[in-house]
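Have the sequence open alongside.

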Amino acid sequence: MNYYLAPMEGITGFVFRQAYHDCFGGMDKYFTPFLSPNQTGKLGPREGRDVAPENNRGMYVVPQILTNSAADFIRTAKTLKAMGYGEVNLNLGCPSGTVVSKKRGAGFLAFPQDVDACLYEIFAGLDMKISVKTRLGVRDPEEFCRLLEIYNRYNMEELIIHPRVREDYYKNRPRMDAFWRAFQESKNPVCYNGDIFSGEDLEKTAGRFPGLEAVMMGRGIAAYPGLLRDGRETPAAVKEHLRQFHDCLYEANRRVYLKEAGPKVVLFKMKEVWCYMLYAFKDGEKPGKKIKKAQRLEEYEAAVTAIFREREVIPGG
């Protein structure tokens, strides 16, 4: 089984990716939060820093591009190829309202003919590995029958399927029956993405879909970075490794942002991660409030020390 880190805006940037890779490793691919291309093909300062090769050493990183324009995708992909990247990913899964309203991400799925035309130009215009991350549709999983017909026309590196429709956002259960049909009928290699929160979830997914070669994890890794070790370590070791990861991530954020942007940016970056990591702790709500309310680095550090001292870590929590 191959394991991929999902792209999560505001979470899995280069600082998180490097900290995770240094502390845990185990990911075969790291997908970047989406890049929004423009008509020049040039990357903005934030996006350029995130994909800069010197910030992604030792990892197989796949930049993800969010657009409904084949021309913009191609220009950006060529910029990335010149930087040394051999694979890019098209985002057809983001359910955010601001994205969907612009006919991008999962919103583009409502226009299958346009998706087909876009993919035709992309595959004709690029000599790179191209993968697609998609949902099942906008409102009804039956929409995926038409979409899969389109995807099967192209020689993709892989098709990453999150088996929800856009209207599900991240609620409800993944639609496993729809994924099974897609897995059987896809002419491209398939990667599963959605609600992998523990080692048990990984085992169940692998058992349910024999021959599945890849799984992508996002929220589960953000909540519990040691997920791939789940079930093989004692609770004490789990807590120790989680603390090591936190400290590595915190110091990296201080090193990158403290001098140039100030402590508030460091706190903001860490608090975003804690929105997920709190789920790894039993009864973590009360000490979690102190982390969220911290206005100074000293307050934050004290709150973090308290939650690790006072609360039990739940493997796969």
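What follows covers the sheet and its helices, the charged pairs, the cysteines and a few single residues.

First, the ground rules. The model is predicted, so to speak of it: local features need pLDDT of at least 70, side-chain atom pairs count only at pLDDT 80 or more, and totals for chains, interfaces and linings use all residues. Residues are numbered from 1 along each chain as its sequence is written, and side-chain values use heavy atoms, with hydrogens and water left out.

**The sheet**

Helices (H or I, at least four residues) and strands (E, at least two) are DSSP runs, numbered from the N terminus. Two strands count as paired if DSSP finds at least two bridges between them. On that basis there is an open sheet of nine strands with parallel pairing, in the order β3-β2-β1-β9-β8-β7-β6-β5-β4. The edges belong to β3 (61-62) and β4 (64-65); each has a single partner strand, so one side of each is left without a neighbour in the sheet. As background, strands of a sheet pair through backbone hydrogen bonds, either parallel or antiparallel.

Zoom in on one pairing: β6 (residues 129-135) runs parallel to β7, and four bridges join the two. Within this part of the sheet, R135 stands opposite H162 in β7.

Two helices are worth a look against the strands. Contact here means heavy atoms within 4.5 Å. Axes are lines fitted to C-alpha atoms, for helices over the stretch in contact, and angles run from 0 to 180 degrees between N-to-C directions. Helix α3 (residues 70-82) lies across β4 and β5 (87-92), at about 145° to β5. Helix α7 lies across β7 and β8 (190-193), and runs at about 170° to β8.

**Charged pairs**

Side chains of opposite charge can pair when their charged atoms come close. A salt bridge is taken as a side-chain nitrogen of Lys or Arg within 4 Å of a carboxyl oxygen of Asp or Glu, and by this rule the count comes to 21. Three of them are set out here.

| Salt bridge | Closest N to O |
|---|---|
| D116 and R153 | 2.3 Å |

Burial is read from relative accessible area: buried means under 20%, exposed over 50%, and partly exposed in between (1.4 Å probe, protein chains only).

E158 sits in the loop between α6 (143-151) and β7, and K29 in strand β2 (residues 29-31), so the pair ties together parts that are 129 residues apart in sequence. Both E158 and K29 are buried. The two also belong to a network of salt bridges that links K29, E87 and E158.

Then there is the salt bridge of D116 with R153. This pair, too, links distant parts of the chain, with D116 in helix α5 (residues 112-125) and R153 in the loop between α6 and β7, 37 residues apart. D116 counts as buried at 15% relative accessibility, whereas R153 is partly exposed at 46%.

**Cysteines**

How many disulfides are there? With a disulfide defined as a pair of cysteine sulfur atoms within 2.5 Å, the count comes to zero. For C23, the closest cysteine sulfur is in C248, 3.9 Å away, which is too far for a bond. C23 counts as partly exposed, at 23% relative accessibility. For C191, the closest cysteine sulfur is 17 Å off, in C94, again too far for a bond. C191 counts as buried, at 0%.

**Loop residues**

N172 has a positive phi of about 60° although it is not a glycine. This residue is in the loop between β7 (159-162) and α7 (176-185), and N172 counts as exposed at 53% relative accessibility. D283, also not a glycine, has a positive phi near 55°; D283 lies in the loop between α11 (263-277) and α12 (285-293).

Finally, A294 is in the loop between α12 and α13 (297-310) and counts as buried, at 2% relative accessibility. Leaving aside neighbours within four places in sequence, A294 is in contact with L267, K271, E299 and Y300. A294 and L267 are 27 residues apart in sequence, yet 8.0 Å apart in space, C-alpha to C-alpha.
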